[in-house]
Amino acid sequence: MTIGASAAPATSASLDLASTTGALLVSRLTTTQRDALTAANGMIIYNTTTATFQGFQAGVWTNLI
């Protein structure tokens with residue numbers, strides 16, 4: 001699926017975002033809100049408490065650099 005105009009969408013992607021005027025905005029949660037999730041491996045959030053992007057892998061949240 002492609003959202004936005006894309007000359008050549010990525011055929012191996014489930015979702016292809018294309019824009020020259022905007023960007024992807026991921027979910028912004030506090031640490032408390034994050035910890036209340038039923039997390040699944042592969043989730044990505046922006047933690048507003050620590051001002052870091054975090055991903056859930058192997059049962060734990062880790063900072064993404």
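## Reading a predicted model, feature by feature

A: Let's start with one contact in this predicted model: arginine 34 forms a salt bridge with aspartate 35, and their closest N and O atoms are 2.7 Å apart.

Q: What is the general idea behind such a pair, and how many salt bridges are there by this rule?

A: Side chains of opposite charge can pair when their charged atoms come close. By the rule used here, the count comes to one salt bridge.

Q: How many bridges join strand 4 to strand 5, and in which sense do strand 5 and strand 6 pair?

A: Strand 4 (residues 44–47) is joined to strand 5 by four bridges, and the two run antiparallel. Strand 5 (residues 52–57) also pairs with strand 6 in the antiparallel sense, over five bridges.

Q: What should I look at in the hairpins, for example where alanine 51 and alanine 58 sit?

A: Check the residues between the strands and their phi angles. The hairpin of strand 4 and strand 5 has four residues between the strands, and alanine 51 takes a positive phi near 55° there. Strand 5 and strand 6 form a hairpin with two residues between them, and in its turn alanine 58 has a positive phi of about 55°.

Q: Where do side chains point along a strand, in general?

A: In a regular strand the side chains alternate between the two faces of the sheet. For a case across two strands, take tyrosine 46, whose bridge partner in strand 5 is phenylalanine 53.

Q: How many aromatic pairs does the structure hold, and why is the pair of tyrosine 46 and phenylalanine 53 edge-to-face?

A: There are two aromatic pairs in the structure. In one of them, the rings of tyrosine 46 and phenylalanine 53 have centres 5.0 Å apart and planes at 70°, so they are edge-to-face; the cut-off for that class is over 60 degrees. Tyrosine 46 counts as partly exposed because its relative accessibility is 25%, and phenylalanine 53 is partly exposed too, at 42%.

Q: Which polar contact does the side chain of asparagine 47 make?

A: A polar atom of this side chain lies 2.8 Å from the backbone nitrogen of threonine 49. Asparagine 47 itself is in strand 4, and its relative accessible area of 0% means that it is buried.

Q: And on the surface, which residues form the nonpolar patch?

A: The patch consists of Ile3, Leu15, Leu17 and Leu24, which together have about 390 Å² of accessible area. Among them, leucine 24 is found in the loop between strand 2 (16–17) and strand 3. Leucine 24 counts as exposed because its relative accessibility is 62%.

Terms used: Residues are numbered from 1 along each chain as its sequence is written. This is a predicted model: local features need pLDDT of at least 70, side-chain atom pairs count only at pLDDT 80 or more; totals for chains, interfaces and linings use all residues. Side-chain values use heavy atoms; hydrogens and water are left out. Rings of Phe, Tyr and Trp (its six-membered ring) pair if their centres lie within 6.5 Å; planes under 30 degrees apart count as stacked, over 60 as edge-to-face and the rest as tilted. Buried means under 20% relative accessible area, exposed over 50%, partly exposed in between (1.4 Å probe, protein chains only). Two strands pair if DSSP finds at least two bridges between them. Patches are made of residues with over 30% relative accessible area and no salt bridge: like charges are joined within 9 Å, nonpolar side chains (Val, Leu, Ile, Met, Phe, Trp, Tyr) within 5 Å. Accessible areas come from the Shrake-Rupley method with a 1.4 Å probe; for residues, only the protein chains shown count as cover. A salt bridge is a side-chain nitrogen of Lys or Arg within 4 Å of a carboxyl oxygen of Asp or Glu. A polar contact is a pair of N or O atoms within 3.5 Å; within protein, one must be able to donate a hydrogen and the other to accept it, and residues adjacent in sequence count only if both atoms are side-chain atoms.
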